[in-house]
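This report describes one protein model, strand by strand and helix by helix. Keep the structure in view while reading.

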Amino acid sequence: MSFAGDVKTELCRAPLSRRCCAQAEAYGVLLYCNTFTGAEARVVTESASFAQRLPVLFRKAFKLSFDRLPQGEGKQVFAVADPAKLAIIRQAFGADPKALALHLNFAVVEEACCRAAFLRGAFLAGGSVTDPRKGYHLELATSHHSVSREVLALMRELDQDPRSAQRKGNTVIYFKQSDQIEDFLTCVGAPVAAMEVMNAKLERDLRGKVNRRVNCDAANLDKTVEAAQTQIEAIRRLQASGQLDQDRLRLAIIRNTNALGEIYVSRAALDSIQERDKIQVCSEFMDVPFDGAGELCLFEARSEEVPRGRNREWKEEAKGHGRSGLYG
Ligand SMILES: [Zn+2]
């Protein structure tokens with residue numbers, strides 16, 4: 001079953017104990033159902049649970065039955081066309097039969113219990129919600145524009161902050177944020193569905209965070225490699241032209257291009273590099289035999305914070321290994 005179907009099934013488990021709430025829920029159904037005019041009330045649904053609840057709801061609310069009940073599979077159609085029955089329904093809501101537009105009678109939804117029941121009815125008849133693993137969207141759609149505007153006001157009173165839009169002759173009230181959808185579902189009596197939305201959000205956030213981190217690391221790695229290449233070329237040019245200013249070298253790193261991506265550093269520079277540049281240090285300088293096949297390059301330090309002493313220390317170390325010639 002779809003997530004929306006699951007939500008409706010959960011909503012239909014709400015007990016029908018109070019008459020006030022049954023009337024409020026039926027009111028929500030009528031204002032958000034397929035047709036509610038002076039001549040007919042018609043509710044069409046695909047939810048089997050709602051189809052089971054509807055006749056019970058109308059009996060509890062108005063003590064009347066539907067004139068038309070669903071036949072067979074597929075969409076379930078319920079209708080009341082008997083003028084006497086329609087008069088009873090209108091009377092329950094104080095609706096003016098001569099009025100052109102339907103309005104929400106706030107007296108019916110004065111109690112907190114009834115407000116939740118009203119919104120539940122509206123959602124059962126004219127609501128839908130997207131599977132939270134695919135996106136966040138919950139909406140209530142009705143063809144009665146004034147009703148939609150008034151329901152919007154009612155929801156704002158309940159600290160809900162939906163948006164409103166016109167769509168194909170309907171006015172739609174909708175939520176696009178997971179926490180708002182959670183609040184609405186909890187309010188109308190679907191806390192399990194609300195929890196599912198919450199879990200989907202957590203999962204998505206976590207996955208996003210992991211992906212971002214992985215992408216970020218990969219991008220950083222690419223950048224590091226790219227920067228290294230640029231630096232190598234720049235230093236090579238400087239060396240070739242004899243312009244290399246040794247005083248500006250705060251740290252020297254030997255790069256063996258035979259093992260691309262591996263950077264060898266002196267013991268003295270190891271700690272500061274690891275900490276500062278987050279460079280993966282593969283080996284110590286001393287442990288890397290230089291066979292002459294790889295290219296050796298100098299890197300200019302990227303940080304001013306490296307103490308000048310380190311540079312000399314490193315040079316001394318390199319000298320000891322017979323490589324001082326590299327630094328002029
Ligand atoms: Zn109530």
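Leu140 stands opposite Ile173 in strand S7. The model shown here is a predicted one. S7 covers residues 170-175 and is joined to S5 by 5 bridges, with the two strands running antiparallel. In general, the strands of a sheet pair through backbone hydrogen bonds, and the pairing can be parallel or antiparallel.

S5 and S7 belong to an open sheet of 4 strands, ordered S4-S5-S7-S6, with antiparallel pairing. Which strands stand at the edges of this sheet? They are S4 and strand S6 (163-167); each has a single partner strand, so one side of each has no neighbour in the sheet. From one strand to the next, the twist averages 25°.

A loop lies between strand S4 (127-129) and strand S5 (138-142), and His137 is found in it. His137 touches Val129, Thr130, Tyr174 and Lys176, leaving aside residues up to four places away in sequence. Tyr174 is 37 residues from His137 along the chain, but their C-alpha atoms are separated by 6.9 Å. Is His137 buried, exposed or partly exposed? A buried residue needs 20 or more other C-beta atoms within 10 Å, and an exposed one has 12 or fewer. His137 has 15 within that distance, so His137 is partly exposed.

| Helix | Lies across | Angle |
|---|---|---|
| H5 | S4 and S5 | about 80° to S5 |
| H6 (residues 145-157) | S5, S6 and S7 | about 20° to S7 |

Helix H5 (residues 112-126) has 15 residues. From its first C-alpha to its last, H5 reaches 21 Å, close to the 21 Å expected at 1.5 Å a residue. Why is H5 described as largely enclosed by the rest of the structure? The reason is that 13 of its 15 residues are buried.

Helix H2 (residues 19-32) crosses H5: their axes come within 7 Å, at an angle of roughly 35°. The crossing of H2 and H5 is right-handed.

Leaving aside residues up to four places away in sequence, Leu31 touches Phe36, Leu102, Leu104, Ala122, Thr142, His144 and Val147.

There is also an open sheet of 3 strands, in the order S1-S2-S3, with antiparallel pairing. Strand S1 (35-36) and strand S3 (76-80) stand at its edges with a single partner strand each, so one side of each is left without a neighbour in the sheet. Strand S2 (residues 41-45) pairs with S3 in the antiparallel sense over 5 bridges. Within this part of the model, Thr45 stands opposite Gln76 in S3.

Some totals describe the whole protein. How many helices and strands does the protein have? There are 10 helices and 10 strands. Of the 328 residues in the protein, 30% are buried. Among contacts between residues at least 6 apart in sequence, 64% join residues at least 24 apart.

Technical notes:
Residues numbered from 1 in each chain as written. Predicted model: local features only at pLDDT ≥ 70, side-chain atom pairs only at ≥ 80, totals over all residues. Contact = placed C-beta atoms within 7 Å. Pairing = 2+ DSSP bridges. Expected span 1.5 Å × (residues − 1). Axes fitted to C-alpha atoms, helices over the stretch in contact; angles between N-to-C directions. Left-handed = near helix turned anticlockwise from the far one by under 90°.
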